[in-house]
Amino acid sequence: MSKRDYYEVLGVSKGASADDLKKAYRKLAMQYHPDRNPGDASAEARFKELNEAYDVLKDDQKRAAYDRFGHAAFEGGGGGAGAGGFDFSSAFGGGFADIFDEVFGAAMGGRGRGGGGAQRGHDLRYDMEITLEDAFKGKKATVTVPTSVGCETCSGTGAKAGSGASTCGTCHGAGRIRAQQGFFTIERTCPTCGGEGRTIKDPCGDCGGTGRKHKEKTLEVTIPAGVEDGTRIRLAGEGEAGMRGAPPGDLYIFLSIKPHRLFQRDGANILCKVPIAMTQAALGDAIEVPSIDGTRAKVTIPAGTQTGQQFRLKGKGMSVLRSPLRGDMFIQVAVETPVNLTKRQQELLREFAAAGGEKDTSPESSGFFKRMKELWDDLTD
């Protein structure tokens, strides 16, 4: 039975973008996922078909090969002849995809496979949210990460106790084999040992010969003072265990900082917006404001302070990473117009207004209206 066109499987056009492919795949994968269709063989088959199509089209190199050669680019057997009658699949059971990876992988940023030996474990990512206070002080945190660890039963070798791995008879331990095709010599990963250079005849019963098992690992992470949003912390060797004793990957902790209810951070500096009463702004006052270190700081408000004015508190900002220094804290005031005035308070304000002197007490507003009057006079001339 012939396969359907991969673009048709995903319901997209041949020129679909990577985002369009991803959206189409996710929508259909959710619809036909086996967990949502228990016992439905047709849904399971459709799900597998979707995965196969998306696996090819999401990879730029595989997609280019598919667009040129169709399904023949990835299938063993007949029908895979390329330009000049060269059959990419019949001579090397791995098919065109294997050759494409080997020849062009390194030059085009592909997944070219390494030589003999088991592959290093995958790196893992853990996202952690911390408070601004945590970022200022630093902290120790405990994280639990689902990962793969070395199998204790076989000590990560993948072989049953008393047995071991033997050199692969196909590649003789190289992990790669070569084949001659006309003027070309093509090297590819050994299909017998998967590039490891050795095989296990009697695999460990606990890990199935992989040398690793799935497990949740609990780790302690030290977050230094002064970290910023997006900081990445690397825990070397705490990623996924490698296959059959290969080195593990690394664990990367990505930090994000929660918004604070009072402070805004700008690098090592902190901004705090503080409302003050009209009388405080007019007559001057001394106020106390909180600091990120948990203490209080005194700020002197001079008479005549206006909304938006800033006052700098040196050394009261954030910690600086790997430094004893601290940034500064800036207090930005907002003058609050009084509300819910009593009759007496209203009378006093009217008396103040009737006393005049706006040019002296409110120079900005009086100057603005003076300029506005001059503009009107110019327009009417």
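**Helix H8.** I looked up helix H8 in this predicted model and found that H8 covers residues 343-354, 12 residues in all. From the first C-alpha of H8 to the last I read 16 Å, close to the 16 Å expected at 1.5 Å a residue. Then I checked what follows H8 and noted Gly356, with a positive phi near 75°.

**Helices H3 and H4.** I noted that two packed helices are described by the angle between their axes and the distance between the axes. For H3 (residues 41-57) and H4 (residues 60-69), the axes come within 6 Å and cross at roughly 105°. Angles of 65 to 115 degrees count as roughly perpendicular, so H3 is roughly perpendicular to H4. Which residues of H3 meet H4? I listed Asp55, Val56 and Leu57 on the H3 side, and Lys62, Arg63 and Tyr66 on the H4 side. Sorted by class, this contact has 3 nonpolar and 3 charged residues, and no polar ones.

**The sheet.** I went on to an open sheet of 3 strands, in the order E1-E9-E8, with mixed pairing. Which strands stand at the edges? I found E1 (124-130) and E8 (232-235) there; each has a single partner strand, so one side of each is left without a neighbour in the sheet. On average, neighbouring strands of this sheet are turned by 25° against each other, direction ignored.

**E1 with E9.** I then looked at how E1 pairs with E9 (residues 251-257): the sense is parallel, over 7 bridges. I also looked up the bridge partner of Asp127 and found Phe254 in E9.

Key
Residues numbered from 1 in each chain as written. Predicted model: local features only at pLDDT ≥ 70, side-chain atom pairs only at ≥ 80, totals over all residues. Heavy atoms only, no water. Pairing = 2+ DSSP bridges. Helix = DSSP H or I, 4+ residues; strand = E, 2+ residues; numbered from the N terminus. Axes fitted to C-alpha atoms, helices over the stretch in contact; angles between N-to-C directions. Expected span 1.5 Å × (residues − 1). Parallel < 35°, antiparallel > 145°, perpendicular 65-115°, else oblique. Contact = heavy atoms within 4.5 Å. Nonpolar A, V, L, I, M, F, W, Y, C, P; charged D, E, K, R; others polar.
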